[in-house]
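Here is my note on the salt bridges. Please read the points beside the model.

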Amino acid sequence: MSLAEASESRKARLTALRKRKAGEATDEANGEAEPVIKHRSYDPDTRTLKKRGQEEDVEMEDTVEHQIEGLAEKIIAEDAARRAQDLDLFNIAPKRPNWDLKRELDKKLSKLERKTQESIHTLIRQRLAAQKGQSDDIVGAMNAEQQAGEHDGSSDEED
């Protein structure tokens with residue numbers, strides 16, 4: 001049997017299977033396909049719709065409702081047990097108890113840091129002015145620094 005013949009026989013079997021699944025009756029002699037009429041909700045004898053009786057209702061045992069029955073109570077019980085464990089005060093307290101105080105103080109400390117630096121500079125200027133024998137004001141300290149710079153510059157040039 002060649003590949004072409006095997007392919008054709010397979011195609012014929014597949015089409016016959018599809019027709020059988022679709023409900024079409026096939027006459028092998030005529031080769032004509034006649035559709036099979038299925039009466040699911042229609043009664044051809046009385047020519048009315050069929051009524052479903054309670055005997056036709058099938059109780060489904062494998063439904064989602066049956067599977068999750070009691071699941072909500074189980075989850076609530078587990079949650080209550082977990083809450084009882086998590087109520088420990090050590091778990092509630094923050095790991096760094098003063099983190100909020102540090103956050104609030106950072107703003108104030110930044111202002112104070114600037115003022116502290118200015119005060120340090122003023123004190124240094126006053127000490128320099130006192131060493132040179134000039135007044136305690138900032139202008140006198142600035143003049144002393146300039147004179148000291150000129151004096152140091154002139155002494156470097158002489159060497």
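1. A salt bridge here is a side-chain nitrogen of Lys or Arg within 4 Å of a carboxyl oxygen of Asp or Glu. By this rule there are three salt bridges. The model is predicted, so local features need pLDDT of at least 70 and side-chain atom pairs count only at pLDDT 80 or more, while totals for chains, interfaces and linings use all residues. Residues are numbered from 1 along each chain as its sequence is written, and side-chain values use heavy atoms, with hydrogens and water left out.

2. Start with Asp79 and Arg83. Their closest N and O atoms are 3.2 Å apart, and the two form a salt bridge. They sit four residues apart in helix H3, about one helical turn. Helices (H or I, at least four residues) are DSSP runs, numbered from the N terminus.

3. Asp79 also bridges to Arg82, with the closest N and O atoms at 3.6 Å. Both residues lie in helix H3 (residues 71-86), three residues apart.

4. Asp79 is partly exposed at 27%. Arg82 is partly exposed too, at 46%. Arg83 reaches 59% and counts as exposed.

5. Arg103 and Glu104 form another salt bridge, with the closest N and O atoms 3.3 Å apart. Arg103 is partly exposed, at 45% relative accessible area. Glu104 is partly exposed as well, at 42%.

Notes. Helix = DSSP H or I, 4+ residues; strand = E, 2+ residues; numbered from the N terminus. Buried < 20%, exposed > 50% of the residue type's maximum accessible area, 1.4 Å probe, protein only.
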